[in-house]
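Hi,

Here is the structure I promised to pass on.

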Amino acid sequence: MKTQSKDIRVVVTGLGVVAPNAIGKVAFTNAIQKGTSGIRFIEELKTLNFSCQLGGMPQVSEELKNKYFTELELKNFNSEGILYAVIAGMDAWKDAGLNVEHNAVDHSSGTVFGSGNLGVAKFRESIHKIDTGNVRRLGSTSVQQTMSSGASAYLSGKLGLGNMVTSNSSACTTGAEAIILAYERIVAGKASRMLAGSTSDGGPYVWGGFDALRILPHNFNDRPKEASQPLSATASGFVPGCGAGAMVLETLESALSRNAPIYAEIAGVALNSGGQQNGGSMTAPNSIAVQACIKEALIDAGITGKEIDAINGHLTATAKDPEEVLNWSKALDRSGADFPYINSLKGMTGHCLSASGSIEAVAIVLQLKEGFIFPNINCEKIHPDILNIVAADRIPRKRIEKTLKYVMKASFGFGDVNACIIFKRKNNDTR
């Protein structure tokens, strides 16, 4: 049975992105088409004795910051996650053709903007001041820069959002989950428009735990752009990243009434958990639940697995990549040359943690809109276990120009939580 009423159709009308390899829709489109890596050597990680001294960090200039924040707002400001969220969110709002009216509140519009670790650098700064007896020097914005709902709160104030304003947090599933929660708010008839996305801080205080787990690559410090290798036989762990992705979702009726740009439609969604049972754990997926999530999204969309043209997987460049591909094969009942095209953005951006799902969703929507499939970089030699499931040409190493109708995006996060979204190319009735 379908999980949602389809009386209200939801479309994507605006995109914003702050990614390690590009900032802004136009630059990001160009970067993913070319297979441009944003992974860099980071001297600070070397100084701190990290094994993996690489990361994907957006290059945000002071000039760019000043376009989104006032001089007063930037005073004592030290929250990368909020910075990324505001840039991506406001860009998506503007891209959707929406204006911000001073002193006006839009009660038909809201936001779900998720985060994992937020304001870590500001929190560390605050702890140091407290530990040295300087609590009075914390400043008036230390709380709002470190609270879990900081991203959505800042965006609400910038855009005058008067509907539901909240932040979700579900590890690496956060971004995809935020889009689904925003979608469900609209389908329920409780909002006309929602800004959906997620953000993540980066740097040593976020990435240190992963380095301690020994799940990051340590043999590529002298060649960072080669380090992230999803689907590859030589993959040796994920490269950490950070950033933010955002999209404006709204009813088809609303979009058509204001002649808004329409990038794609959300055809179906699913969220579930494996309960950390049957092989699932805090850090590993329960394959039964992963397959169920994929199948539930298909049911919600009212289509079969045979209709999926392409997949953007979670695919982190770890030993779990072959298992994920097998789960896709079983859930869609497709293999070999019949398997959909599959790609992973993480070869270019690294794993942007709580921001990964939203940044990757922006990339998927751009594929649908512009008619291409971006390449899997650093995948010269496909993992042999994957080649037992999928024909090699289903894993493009170069950009493919192709009109797509249905593309699936999935995120599978720590805590054994899963999210799947099916995006559909706009039809004539959606312009």
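**What I found**

Leu-353 is found in the loop between helix H14 (346–349) and helix H15 (356–370). Helices here are DSSP runs of H or I with at least four residues, strands are runs of E with at least two, and both are numbered from the N terminus. Leu-353 has a positive phi of about 55°, although it is not a glycine. At 7% relative accessibility it counts as buried; buried means under 20% relative accessible area, exposed means over 50%, and partly exposed is in between, with a 1.4 Å probe and protein chains only.

Before going on, some housekeeping. This is a predicted model, in which local features need pLDDT of at least 70 and side-chain atom pairs count only at pLDDT 80 or more, while totals for chains, interfaces and linings use all residues. Residues are numbered from 1 along each chain as its sequence is written, and side-chain values use heavy atoms, with hydrogens and water left out.

Asp-333 also has a positive phi, about 60°, without being a glycine. You'll find Asp-333 in the loop between H13 and strand S11 (341–343). Is Asp-333 buried or exposed? It counts as exposed, because its relative accessibility is 59%.

Gly-357 is buried, with a relative accessible area of 0%. Which residues does Gly-357 touch, leaving out those up to four places away in sequence? They are Cys-172, Gly-175, Ala-176, Lys-409 and Ser-411, where contact means heavy atoms within 4.5 Å. Gly-357 and Val-105 are 252 residues apart in sequence, and their C-alpha atoms are 29 Å apart in space.

Ser-344 sits in the loop between S11 and H14, and it counts as buried at 2% relative accessibility. Setting aside neighbours within four places in sequence, Ser-344 is in contact with Pro-230, Asn-312, His-314, Leu-315, Phe-374 and Asn-376. Between Ser-344 and Pro-375 there are 8.2 Å from C-alpha to C-alpha, and the two are 31 residues apart in sequence.

**The largest pocket**

The largest pocket has a volume of about 470 Å³. Some method for that: on a 1 Å grid over the protein atoms alone, a pocket is an open set of points with protein on both sides within 12 Å along at least five of seven lines, whereas a cavity is a set where a 1.4 Å probe fits but cannot get out; lining residues have an atom within 4 Å of a point. Grid points are joined across faces, edges and corners, and the volume is the space filled by probe spheres set on the points.

The lining of the largest pocket has 25 residues, with Thr-283, Thr-316, Thr-318, Lys-320 and Phe-414 nearest its centre. Helix H13 (321–332), strand S14 (406–413) and strand S15 (417–425) are the elements giving two or more residues to this lining. Which of them gives the most? That is H13, with four residues. By type, the lining divides into 12 nonpolar, eight polar and five charged residues. Nonpolar covers Ala, Val, Leu, Ile, Met, Phe, Trp, Tyr, Cys and Pro; charged covers Asp, Glu, Lys and Arg; the others, Gly among them, are polar.

**Strand S1 and its partners**

In strand S1 (residues 10–19), 10 of 10 residues are buried. S1 runs antiparallel to strand S8 (residues 243–251), joined by eight bridges; two strands pair if DSSP finds at least two bridges between them. Val-18 has Ala-244 as its bridge partner in S8, and Val-18 also stands opposite Ile-23 in S2. S1 pairs with strand S2 (residues 22–23) in the antiparallel sense over two bridges, and these strands form a hairpin with two residues between them. Strand S9 (residues 264–273) is another antiparallel partner of S1, again over two bridges, and there Val-11 has Glu-265 as its bridge partner.

**Helix H8**

Helix H8 (residues 150–159) is mostly covered, with eight of its 10 residues buried. Among them are Tyr-154, Leu-155 and Leu-159. Just after H8, Gly-160 takes a positive phi of about 70°.

Cheers
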